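Dear colleague,

I am handing over the structure below for your records. My findings follow directly after it.

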Amino acid sequence: MSVPRRPVVVVGAGPVGLTAALVLAQGGVPVTVLESDPALSTASRASTFHPATLDLLDELGVAAALRAEGRTVHEIQWRDLEQRLLHRMSYDALTGRTAHPYRVHVEQSRLTPLLLAALEAHPHAEVCFSSTVFDVRPWGNDAVRLWIDGPAGLRAPLDAGYVVAADGSRSTVRTALRLPSRATEYPWYALRVVTATALDGLLPDLGPLAYVRDPRQSFSVLGMPDHWRLIFRLPADVPRGQVTERRAVGALLERALPSCAGQLDVTDAHTYRLASYVLPDYQVGRVLFAGDAAHLTSTAGGMNMNCGLHDAVAWGRALTQVHHGEADPGLLDRVAAERRAVVKHKVIPRSEARTAGIDDADGLHRALDGIGRIAADPGRVTDYLHAASLLDCAPLPRQQAR
Ligand SMILES: Cc1cc2nc3c(=O)[nH]c(=O)nc-3n(C[C@H](O)[C@H](O)[C@H](O)COP(=O)(O)OP(=O)(O)OC[C@H]3O[C@@H](n4cnc5c(N)ncnc54)[C@H](O)[C@@H]3O)c2cc1C
C-alpha cells in the first residue's frame, strides 16, 4: 500500500503550529496540521501580544479581530505598594517603528480559533484533530515518515517533505528523534491570582500593565478584557499546594493590595512552573522545530509565545520559498541558527532581566533607579520598548519598513 505524501506537515494546532500553517497556505504550499486533541485548547495561558507579533498577525489577516477581542495596552507602569506611580513608559514612543504601537492583552485561546477559521477556508490547508503523532523518522533522502494514531484508532503512516514540529514543551517529535528535552527549572515558580473585580476602578490611574516593585512585595498586574491577573513569583521551597488555598491567597492580597482588602472577588488561583530550555539545533534533517517544542523561558515579559509565533512566520516563509524553488534548502539552516540565537541571546536574557534584583531591597532600588533613568529619556524609552516588544528580532513585516 502506498503511503500518502504531503509537502509540509505541521504537528500541533497550538498558536505556533496554526500560524506556521497559515503562512504556508497563504504562500501557496499545501499543508496538513495534525493535532492530538479533538478540538482547540481553551486553557488560559499566554495573554500578551507584542507590537512585532501584531504586525505579523496583521499580514495574516487576524490582528484586527484579535485586538477587537482584547484590551489594548498603551503604557507600562511601575508602582509601589502604596500604589504610587513611580515610572511610566508610553508605547507611543514606538510610533513609526511598528504599525501597532501598543500591546494587546487577550488569551491565546482567542487567537487559535481565528487562525483555524482562516485555515479551514483555505484550499491549501487541512487540519486534522484527534490525530496524535507517535513516531517520526527520516525516510529516504527527501522525506520524513510520521506514524499517526488517527480518529478511528487507525495507526496510519504519512510522509512529508518537511515537518514543522510545533507540538509544545513535551514534544513527541523531539523525543522520537532522541533530542535532549530536559528544561532547567528556575528556583521559583509563578502564582497567578485571577479576580473579576475591575482593579482600575479601585486603584487610581492603574493601567492594564503594572509592575508593583516594593521590598515588601513585588508582583505584576495585567488587565484582561474581563478580568485582572496578579502574578507573584514564589521560591521553589514554598509548597505549591498551600499557596493557592483561600486563606493563603487572602493573606497575600492583603499584603499586596491593602487598599483593596475585602473588595476582591477572586475567581481562580493556580501555580505554574518556570523553566528555560533551548533545543541545540532547531533543524534536524527535514524536521524544523518551533515554539515551545524548541524553547521555553520564564513568562516574565510575556515573550515565549510571541517568540514562537515569530519562529512560525520565519519557518513558514522559508519553507514557502524552498517549496517554490525560490531559495535553496540552505536557507533553512540559516533560519534555524537565527531563531535559536534570538532565544538564547535576546529572549531568555530579557525575560530574566524583567525580574532581576527584585528579591532584595538594594537590588530593587538599583533596578528601579535604572528604570527611572530610562523613563526620563525619550530616546531610551524607545530603545527599551523596542527590545521589550521583540521588534529587533522578529521577522520583518513584508509591507512595512521599520
Ligand atoms: C500557565 C501558563 C501561562 C503562560 N503564560 C504565558 C505568558 O504570559 N506569556 C507567554 O508568552 N507565554 C506564556 N505561556 C507559554 C505559552 O502558553 C506557550 O509559549 C505557547 O502556548 C506555545 O505555543 P505552541 O503552539 O508552541 O505550543 P502549545 O500551545 O503547547 O501547542 C502544542 C499543541 O500540540 C499538540 N500536540 C502535542 N503533542 C502532539 C502529538 N504527539 N501529536 C499531535 N499534536 C500534539 C497539543 O495538543 C497542542 O495543541 C504560558 C504557559 C502556561 C502553561
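The buried residues of helix α7 are covered by elements that include β12, β14 (219-223), β15 (228-235), α6 (240-243) and β16. Please note that this is a predicted model. Helix α7 spans residues 246-256, and its buried residues are V249, L252, L253 and A256. Viewed down the axis of α7, these buried residues fall within an arc of 100°, so they line one face of the helix. An α-helix has 3.6 residues a turn, so residues three or four places apart point the same way. On the other side of α7, R247 and E254 are exposed.

Strand β12 (residues 184-195) runs antiparallel to strand β16 (residues 266-278), and nine bridges join them. Within this pairing, L191 has T271 of β16 as its bridge partner. Strand β16 is also joined to strand β19 (residues 295-296), again antiparallel, by two bridges. There, V278 is partnered by H295 of β19.

A separate topic is the open sheet of three strands, which has the order β3-β7-β4 and antiparallel pairing. Its edge strands are β3 (48-49) and β4 (71-73), each of which pairs on one side only. Two bridges join β3 to β7 (residues 103-105), and the bridge partner of F49 in β7 is V104.

Strands β3 and β7 are also among the elements against which the buried residues of helix α2 pack; the others are α1 (15-26), α3 (63-69), α4 (108-120) and α8 (304-323). Helix α2 covers residues 51-60, and eight of its ten residues are buried, so this helix is largely enclosed by the rest of the structure. The buried residues are P51, A52, T53, L54, D55, L56, L57 and L60. Just after α2, G61 takes a positive phi of about 90°.

As to helix packing, helix α10 (residues 361-375) meets helix α11 (residues 378-388) at an angle of about 115°, and their axes are 6 Å apart. From α10 the contact is made by I371, R373, I374 and A375, and from α11 by R380, V381 and Y384. These contact residues comprise five nonpolar and two charged, with no polar ones.

Turning to the cysteines, the structure holds zero disulfides. C307 is buried, as its relative accessible area is 1%. C128, by contrast, counts as partly exposed because its relative accessibility is 22%.

A152 is located in the loop between β10 (143-149) and β11 (155-165). Is this residue, A152, buried or exposed? A152 counts as exposed, because its relative accessibility is 75%. The C-alpha atom of A152 is separated by 33 Å from that of D311, a residue 159 places away along the chain.

With kind regards

Terms used. Residues are numbered from 1 along each chain as its sequence is written. This is a predicted model: local features need pLDDT of at least 70, side-chain atom pairs count only at pLDDT 80 or more; totals for chains, interfaces and linings use all residues. Side-chain values use heavy atoms; hydrogens and water are left out. A disulfide is a pair of cysteine sulfur atoms within 2.5 Å. Buried means under 20% relative accessible area, exposed over 50%, partly exposed in between (1.4 Å probe, protein chains only). Axes are lines fitted to C-alpha atoms, for helices over the stretch in contact, and angles run from 0 to 180 degrees between N-to-C directions. Helices (H or I, at least four residues) and strands (E, at least two) are DSSP runs, numbered from the N terminus. Contact means heavy atoms within 4.5 Å. Ala, Val, Leu, Ile, Met, Phe, Trp, Tyr, Cys and Pro count as nonpolar, Asp, Glu, Lys and Arg as charged, and the others, Gly among them, as polar. Two strands pair if DSSP finds at least two bridges between them. The arc is that of the directions from the helix axis to the C-beta atoms.
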